Amino acid sequence: MKCFIRRSILLGASASCLLGASFLRADDIVKTTEFSEPGQYCFEQTSLRGKFDKTILAHHLIIPPEDHLKTGDVFVGFRRSSQPDALWLTDGSQWRAYNDNEFPYMAFKRNIRLEPVIKAEVFHAPKDVTEYVEDGEIWIGYGVRKDETETKEDSFQDMISNQRYYRVWRIGDLVVDGLNPEICLTTTQITERIRIVGTASSQ
């Protein structure tokens with residue numbers, strides 16, 4: 001029998017707000033459905049699919065209540081046991097050393113509002129991680145910007161100082177039931193949005 005660790009986040013807000021929906025445009029079509037009673041949407045915190053030569057990895061970062069809706073940055077890092085002092089960061093499309101001269105302290109999500117749940121698609125397209133099996137690790141964390149003058153470097157240092165990071169996956173391990181929490185969001189309504197894309201007409 002499968003054993004799940006359930007984390008319930010009881011928030012009186014729509015699912016679109018919980019998942020960090022962007023601001024609506026004037027020409028968007030919006031449909032809101034109110035629930036007769038609170039409902040739940042549940043999912044595994046970490047999703048791992050494919051073999052090592054074609055891996056897709058996604059993770060849902062849970063922001064503690066004390067930092068909800070603050071401004072900050074999400075960082076996704078990679079390190080190797082064979083090179084413990086080296087850290088690489090990604091913005092979702094490329095990986096660079098955290099102190100790279102051109103792109104230092106590269107954030108996965110930069111200068112955002114820290115919603116209660118933030119999805120990070122670490123490998124949104126199949127990635128070959130075969131050479132890192134038993135050696136590589138994926139870490140995820142977040143930092144808070146205290147005011148509008150602070151940068152992603154300040155946010156990174158805040159993350160390190162307050163230990164707001166943790167290992168998501170040791171490459172080679174399986175994400176299995178009992179070790180991978182199930183996240184449940186409780187909500188009272190759901191909002192569907194259809195974005196209208198305009199085209200320029202010829203004169």
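**Helix α2 and the residue D154.** In this predicted model, D154 belongs to helix α2, which spans residues 152-161; helices are DSSP runs of H or I with at least four residues, strands are runs of E with at least two, and both are numbered from the N terminus. D154 is partly exposed because its relative accessibility is 32%, where buried means under 20% relative accessible area, exposed over 50% and partly exposed in between (1.4 Å probe, protein chains only).

**A negative surface patch.** D147, E148, E153 and D154 make up this patch. Patch residues have over 30% relative accessible area and no salt bridge, with like charges joined within 9 Å and nonpolar side chains within 5 Å; a salt bridge places a side-chain nitrogen of Lys or Arg within 4 Å of a carboxyl oxygen of Asp or Glu.

**The stacked rings of Y98 and F156.** The whole structure holds 9 aromatic pairs. In the pair of Y98 and F156, the ring centres are 5.8 Å apart and the planes lie at 15 degrees, so the pair is stacked. Rings pair if their centres lie within 6.5 Å, and planes under 30 degrees apart count as stacked, over 60 as edge-to-face and the rest as tilted. Y98 is partly exposed at 27% relative accessible area, whereas F156 is buried at 5%. One aromatic cluster comprises F75, Y98, Y105 and F156.

**A nonpolar surface patch.** I29, I194 and I196 together present about 250 Å² of accessible area. I194 lies in strand β12, residues 182-194.

Residues are numbered from 1 along each chain as its sequence is written. Local features need pLDDT of at least 70 and side-chain atom pairs 80 or more, while totals for chains, interfaces and linings use all residues, and side-chain values use heavy atoms, without hydrogens and water.

Definitions and conventions: Accessible areas come from the Shrake-Rupley method with a 1.4 Å probe; for residues, only the protein chains shown count as cover. Lys and Arg count as positive and Asp and Glu as negative; His and the chain ends are not counted. The place of a charge is taken as NZ of Lys, CZ of Arg, CG of Asp or CD of Glu. Rings of Phe, Tyr and Trp (its six-membered ring) pair if their centres lie within 6.5 Å; planes under 30 degrees apart count as stacked, over 60 as edge-to-face and the rest as tilted.
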